[in-house]
Amino acid sequence: MSKSKKPIHTPSDFGTRERLQHTSGVAYENTDKRLGSPKRMRVTVQTPLDRYYSREQINRRQFEAGMKLYALWRRAGRAQKLTASYDANIVDGTRGNADQGHDAFSDYLAALRTIGKDLSDVAQWVVVEGASANEWAKEQGHDPKGGIVALRLCLDALGDVFGMPRG
């Protein structure tokens with residue numbers, strides 16, 4: 001009689017075991033340093049940039065340039081609010097340090113203006129909105145396989161704007 005294999009996870013929102021076998025971006029980690037400790041799943045790929053970087057379709061500099069642009073977008077407060085704010089004083093729907101948001105948005109717009117209209121469209125589509133590069137290419141009437149090339153050019157230009165050294 002063969003031993004039955006115990007599942008390494010409990011039912012969760014990650015889907016069935018079959019789906020997990022065919023997906024990337026889920027890592028299994030030990031919950032304790034002892035041998036034989038239970039494992040947990042952790043999602044490592046959450047954005048298209050994460051996916052492109054894990055598949056080595058973009059390099060580290062390009063990934064960091066995209067994440068820096070996304071950080072500017074978030075710091076500017078332009079992302080949709082999904083939960084209520086627990087700040088003590090909210091006046092006119094704005095939070096306390098509005099100047100920081102204005103500065104970040106100005107930096108965001110300056111970076112997009114510097115790289116040009118076409119590349120800024122790719123940056124907005126992939127980095128901020130979370131769509132894939134080939135979806136952008138289809139939307140613009142280009143060959144879908146060229147979307148990743150446009151994204152690489154866009155992220156290289158952003159790296160230059162942010163002063164990141166080329167490696």
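The structure holds three aromatic pairs, where rings of Phe, Tyr and Trp (its six-membered ring) pair if their centres lie within 6.5 Å, and where planes under 30 degrees apart count as stacked, over 60 as edge-to-face and the rest as tilted. This is a predicted model, in which local features need pLDDT of at least 70 and side-chain atom pairs count only at pLDDT 80 or more, while totals for chains, interfaces and linings use all residues. Residues are numbered from 1 along each chain as its sequence is written, and side-chain values use heavy atoms, with hydrogens and water left out.

**Aromatic rings**

- One of the pairs joins W73 and Y108 in a tilted arrangement, with 5.2 Å centre to centre and 50 degrees between the planes.
- Because W73 belongs to helix α3 and Y108 to helix α4, this pair ties together parts that are 35 residues apart in sequence; helices here are DSSP runs (H or I, at least four residues), as are strands (E, at least two), numbered from the N terminus.
- W73 counts as buried at 15% relative accessibility, and Y108 counts as buried at 2%, given that buried means under 20% relative accessible area, exposed over 50% and partly exposed in between (1.4 Å probe, protein chains only).
- A further pair, F105 with Y108, is stacked, at 6.1 Å centre to centre and 20 degrees between the planes; both residues lie in helix α4, three residues apart, or about one turn of the helix.
- Together, W73, F105 and Y108 form one aromatic cluster.

- Apart from its neighbours within four places in sequence, L158 is in contact (heavy atoms within 4.5 Å) with A65, L69, A111, I115 and A123.

- D50, in helix α2 (residues 48-54), is buried yet has no salt bridge, and the nearest side chain of opposite charge, R60, is 8.3 Å away; a salt bridge would need a side-chain nitrogen of Lys or Arg within 4 Å of a carboxyl oxygen of Asp or Glu.
- Beyond its neighbours within four places in sequence, D50 is in contact with T44, V45 and F63.
- T114, found in helix α4, counts as exposed at 57% relative accessibility, and its C-alpha atom is separated by 7.3 Å from that of V161, 47 residues apart along the chain.

**Overall make-up**

- The chain has seven helices and two strands, which run α-β-β-α-α-α-α-α-α from the N terminus on.
- Of the 167 residues in the chain, 30% are buried, and among contacts with a separation of 6 or more, residues 24 or more positions apart account for 52%.

Definitions and conventions:
Lys and Arg count as positive and Asp and Glu as negative; His and the chain ends are not counted.
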